[in-house]
Amino acid sequence: MNSYKYKEIKIGLSQSFDAVITQKMMDDFLSMSADTNPLHTDREYAKEHGYPSQVVYGMLTASFYSTLVGVYLPGKFALLTAIDVSFNKPVFVEDKIKVFGEVSYMNDAFRQIEIKAYIENQDNVKVSKAKIKVGLYE
Amino acid sequence: MDSAEIFNRIQDIFRNVFDDQKLIIERSTNSESIEDWDSLNHINLIVAMEKEFSTRFSLEDIQGLKDVGEMADLINKRINK
């Protein structure tokens, strides 16, 4: 886990990490959220509606922004205060994603940073974008 | 930039931060006047104003501000100095 303190951060500082979306993640998300929408749970239903298989929950994909902030940028001393996220393309089970974030703004008075982030899949297609506001308590 | 334009821009910032396009602010508006004006939205307001007016505020600058009027005066001084 990274532990950047506010004074160690500069605009342009970036971090990224890779992850693979698994069926277990989908099952766990279903269990946690009770979102039973068939687009996420029924392969045949998803195929009937033009997708190769069930679509990964957008909020499951977005959960990796939490990891970006809490583990990588800035890491330990983060307080996630706001996130504006878009889901630009569908994500599927077994997709290999890369999560990327870069500090775009800093406010010294409140020790708050803003991060421009995105997630892309194995074909380098951006599947999600986000603007994230993070406070730092160190 | 004259005082009226500054105030109009501040009003737009308030409308965006509080997601209320009908919100009317006055010089006397303060955190007691707007229910959603909590600590988080206070940060959002200050950051939005920094970006809108291309300036920076220190904690000392903003700690003593009592209402929107004092904020507008501070911005006026900054950008018209």
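Guide: We'll go through the chains, the cores, the helix contacts and a few backbone details. Keep in mind that this is a predicted model.

Visitor: Okay, chain A. How many helices and strands does chain A have?
Guide: Chain A has four helices and five strands.

Visitor: In what order do the elements of chain A run?
Guide: From the N terminus, the order is β-α-α-α-α-β-β-β-β.

Visitor: And what does the C-alpha trace of chain A span along its principal axes?
Guide: About 50 × 30 × 25 Å.

Visitor: What share of the residues in chain A is buried?
Guide: Chain A has 138 residues, and 26% of them are buried. There is also a figure for contacts along the chain. Take the contacts in chain A with a separation of 6 or more: 67% of them link residues 24 or more positions apart.

Visitor: Now the cores. How many residues does the largest nonpolar core have?
Guide: It has 22 residues. Those with the most contacts inside this core are A:Tyr65, A:Leu68, A:Val69, A:Ile115, A:Ala117, A:Ile132 and A:Val134.

Visitor: Which elements give two or more residues to this core?
Guide: Helix 4, strand 3 (96-107), strand 4 (112-120) and strand 5 (126-136) of chain A do. Strand 5 of chain A gives the most, with five residues.

Visitor: Pick one residue for me. What does A:Ile115 touch?
Guide: Leave out residues up to four places away in sequence. Then A:Ile115 touches A:Leu73, A:Gly101, A:Glu102, A:Val103, A:Ser104, A:Ile132 and A:Val134. Another core, of 17 residues, lies apart from the largest one. Its members include B:Ile43, B:Ile46, B:Met71 and B:Ala72.

Visitor: Switching to chain B. At what angle do the axes of helix 1 and helix 4 of chain B cross?
Guide: Roughly 120°, and the axes come within 10 Å. Helix 1 of chain B spans residues 3-17, and helix 4 of chain B spans residues 68-79. The angle is why helix 1 of chain B counts as oblique to helix 4 of chain B. The crossing is right-handed.

Visitor: Which residues make that contact between helix 1 and helix 4 of chain B?
Guide: Helix 1 of chain B uses B:Ser3, B:Ile6, B:Phe7 and B:Ile10. Helix 4 of chain B uses B:Val68, B:Met71, B:Ala72, B:Ile75 and B:Asn76. By class, this contact has seven nonpolar, two polar and no charged residues.

Visitor: What about helix 1 and helix 2 of chain B: at what angle do their axes cross?
Guide: Roughly 140°, again with the axes coming within 10 Å. Therefore helix 1 and helix 2 of chain B are oblique to each other. Their crossing is right-handed.

Visitor: Which residues of helix 1 and helix 2 of chain B meet there?
Guide: From helix 1 of chain B come B:Arg9, B:Ile10, B:Ile13, B:Asn16 and B:Val17. They meet B:Asn41, B:Asn44, B:Leu45, B:Ala48, B:Met49 and B:Glu52 in helix 2 of chain B. The contact divides into six nonpolar, three polar and two charged residues.

Visitor: Next, how many residues of each chain are in contact with the other chain?
Guide: Nine residues of chain B contact six residues of chain A. On the chain B side, helix 2 (39-52) and helix 3 (59-63) each supply at least two residues. Helix 2 of chain B gives the largest share, five residues. That side of chain B divides into seven nonpolar, one polar and one charged.

Visitor: Is B:Asp19 buried or exposed?
Guide: Exposed, because B:Asp19 has 8 C-beta neighbours inside 10 Å and the cut-off for exposed is 12 or fewer. B:Ser54 is exposed too, with 8 other C-beta atoms within 10 Å.

Notes. Residues numbered from 1 in each chain as written. Chains lettered and ligands numbered in written order. Predicted model: local features only at pLDDT ≥ 70, side-chain atom pairs only at ≥ 80, totals over all residues. Contact = placed C-beta atoms within 7 Å. Nonpolar A, V, L, I, M, F, W, Y, C, P; charged D, E, K, R; others polar. Axes fitted to C-alpha atoms, helices over the stretch in contact; angles between N-to-C directions. Parallel < 35°, antiparallel > 145°, perpendicular 65-115°, else oblique. Left-handed = near helix turned anticlockwise from the far one by under 90°. Buried ≥ 20, exposed ≤ 12 C-beta atoms within 10 Å, placed from the backbone. Core = buried A, V, L, I, M, F, W, Y, C linked by C-beta atoms within 7 Å.
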